[in-house]
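This report examines a single protein model. The sequence and structure are shown first.

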Amino acid sequence: MTFFPKSYIIRNMSRGIIRHFIVFEGIDGSGTTTLLNRVSARLTERNIRHRCDAEPTSSAVGRRLRSMLQTGNPADPLYNTAMSALFSLDRALHLYGPDGIAAATADGTIVLCDRYLFSTIAYQGIFGDPEEALSFNETFPLPEYLFFLDLPASDALKRIEKRGQKKEIYETADYLDRIARRYRQIISRFSDEGMKILTLDAGLSPDTLEKQVFDSLSSESAPE
């Protein structure tokens with residue numbers, strides 16, 4: 001049972017595929033941001049119109065979410081429900097707000113996004129109700145391409161520790177291992193939803209990963 005009713009806009013969205021929308025997913029430390037930036041640089045070299053987004057966004061809701069990722073308690077069911085609800089609101093604004101994903105892609109701009117609904121389902125589903133996390137996202141449209149960077153939690157944690165930055169609440173060996181397993185389940189669950197999905201070995205070099213992304217986009221006739 002959810003504590004927060006879905007807003008009108010979320011309840012009345014229809015699942016579909018957004019062309020020109022490319023998402024990079026993976027646990028913390030898997031390299032989603034690095035790979036996205038490399039793909040962006042390659043697109044810039046080719047003069048292909050695109051932009052780089054991320055979730056949580058830079059909106060007021062997104063800033064609140066980032067704050068909660070520093071101080072919340074993932075073991076608290078109410079915390080997970082609140083996070084799922086806020087992520088849904090942030091995502092609805094990201095998709096349909098002024099200059100949102102829907103408007104940008106409709107104009108032919110490729111949108112590269114660091115995380116999307118799959119991360120919300122993975123992270124909020126490890127302690128909260130997994131079906132509730134899914135229900136908050138059941139009507140959001142899906143990306144045309146989904147690149148999942150798969151990496152063992154132990155390797156991801158080593159990368160995080162090398163950053164020397166304050167860790168977020170999920171950046172522990174136990175949490176990362178649970179989330180990695182949950183991610184794999186989610187990717188499998190969405191395998192027949194019409195997206196083009198490629199699971200990447202995030203332990204490979206950045207050059208190799210970048211090549212695999214562009215090989216996949218080229219073989220599937222990437223958006224221009």
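The model is predicted: local features need pLDDT of at least 70, side-chain atom pairs count only at pLDDT 80 or more, and totals for chains, interfaces and linings use all residues. Residues are numbered from 1 along each chain as its sequence is written, and side-chain values use heavy atoms, with hydrogens and water left out.

**Salt bridges**

Side chains of opposite charge can pair when their charged atoms come close. A salt bridge is counted when a side-chain nitrogen of Lys or Arg is within 4 Å of a carboxyl oxygen of Asp or Glu. The structure holds 16 salt bridges, including the following.

| Salt bridge | Closest N and O atoms |
|---|---|
| R38 and D207 | 2.2 Å |
| R51 and D53 | 3.0 Å |
| D150 and R184 | 3.0 Å |

Helices (H or I, at least four residues) and strands (E, at least two) are DSSP runs, numbered from the N terminus. Because R38 lies in helix 2 and D207 in helix 10, their pair ties together parts that are 169 residues apart in sequence. D150 belongs to strand 4 (residues 142-150) and R184 to helix 9 (residues 173-189), so this pair links parts 34 residues apart in sequence. Salt bridges that share partners also join R38, R42, D207 and E210 into one network.

Accessibility is described as buried (under 20% relative accessible area), exposed (over 50%) or partly exposed (in between), using a 1.4 Å probe and protein chains only. R38 is partly exposed at 25%, whereas D207 is exposed at 53%. Both R51 and D53 are buried.

**Cysteines**

A disulfide requires a pair of cysteine sulfur atoms within 2.5 Å. By this rule the count is 0. The sulfur of C52 is 9.7 Å from the closest cysteine sulfur, in C113, and is therefore too far for a bond. C52 is partly exposed, with a relative accessible area of 38%, while C113 is buried at 0%.

**The largest pocket**

A pocket is an open set of points on a 1 Å grid where a 1.4 Å probe fits, with protein on both sides within 12 Å along at least five of seven lines; lining residues have an atom within 4 Å of a point. The largest pocket holds about 730 Å³ of space, a volume being the space filled by probe spheres set on the points. Of its 37 lining residues, D28, T32, T33, R115 and R163 are the closest to the centre. Helix 2 gives the most to the lining, with 5 residues.
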